[in-house]
Amino acid sequence: MRFMCTASTAWLAGQRPGRVLAVLLLSLSAMGSAQAQAVAKPAAAREWVTPATGDVQRGAALYQARCTACHAVDSNRIGPAHRGVMGRRIGSLPGYKYSDELAASRLRWTPQTLNVWLEDPEELVRGQRMGFQVDSAQERADLIAYLATLK
């Protein structure tokens with residue numbers, strides 16, 4: 001970083017060393033803030049992708065094979081119950097203790113939010129506790145189709 005002597009800083013020559021240091025530190029701090037603001041970019045808007053049409057029967061089989069270790073349709077287990085999940089506010093099922101981050105979410109479960117969640121839960125809500133992902137877009141679509149039937 002270069003320092004330049006300008007008319008506004010020339011007066012420092014006759015000041016006490018402690019005062020000069022304080023003024024320089026304040027100047028550096030202000031420069032750092034300005035540079036940080038110039039570098040900081042707003043987060044890109046999330047693009048909500050509607051998943052492809054899924055197959056309910058394949059989704060039911062996937063649910064049984066992959067989800068029932070932690071979830072059940074009608075009872076809370078390690079994860080919350082899934083009946084009525086579609087359209088429900090995220091983190092709001094009574095009787096289940098969600099992470100603070102998930103409980104504070106203002107999102108709703110839709111095909112789009114479930115698609116992001118199943119692909120990477122941490123992408124949807126930072127600090128959540130689910131450590132499972134579904135990499136295949138078709139498998140996510142099948143699971144979402146099945147979950148939509150659980151009314």
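Contact here means heavy atoms within 4.5 Å. This is a predicted model, in which local features need pLDDT of at least 70 and side-chain atom pairs count only at pLDDT 80 or more, whereas totals for chains, interfaces and linings use all residues. Residues are numbered from 1 along each chain as its sequence is written, and side-chain values use heavy atoms, with hydrogens and water left out. The protein chain has six helices and zero strands, where helices (H or I, at least four residues) and strands (E, at least two) are DSSP runs numbered from the N terminus.

**Chain overall**
- Of the 151 residues in the protein chain, 30% are buried, a term that means under 20% relative accessible area, with exposed being over 50% and partly exposed in between (1.4 Å probe, protein chains only).
- Among contacts in the protein chain with a separation of 6 or more, 49% come from residues 24 or more positions apart.

**Loop residue S105**
- S105 sits in the loop between α3 (100-103) and α4, and its 9% relative accessibility is why S105 counts as buried.
- Not counting residues up to four places away in sequence, S105 touches R89, I90 and V125.

**Helix α6 and its residue D142**
- Helix α6 has 13 residues and reaches 19 Å from its first C-alpha to its last, close to the 18 Å expected at 1.5 Å a residue, the expected span being 1.5 Å times one less than the number of residues.
- The buried residues of α6 are R140, A141, D142, L143, I144, A145, Y146 and L147, and they pack against α2 (56-67) and α4.
- D142, found in helix α6, is buried with a relative accessible area of 2%.
- Leaving aside neighbours within four places in sequence, D142 is in contact with G54, D55, R58, G59 and L62, while the C-alpha atoms of D142 and V56, 86 residues apart along the chain, are separated by 5.9 Å.

**Crossing of α4 and α6**
- The axes of α4 (residues 111-119) and α6 (residues 137-149) come within 10 Å and cross at roughly 130 degrees; axes are lines fitted to C-alpha atoms, for helices over the stretch in contact, and angles run from 0 to 180 degrees between N-to-C directions.
- The two helices α4 and α6 are therefore oblique to each other, since angles under 35 degrees count as roughly parallel, over 145 as roughly antiparallel, 65 to 115 as roughly perpendicular and the rest as oblique.
- In this contact, P111, L114, N115, L118 and E119 of α4 meet R140, L143, I144 and L147 of α6.
- The residues of the contact of α4 with α6 divide into six nonpolar, one polar and two charged, with Ala, Val, Leu, Ile, Met, Phe, Trp, Tyr, Cys and Pro counted as nonpolar, Asp, Glu, Lys and Arg as charged, and the others, Gly among them, as polar.
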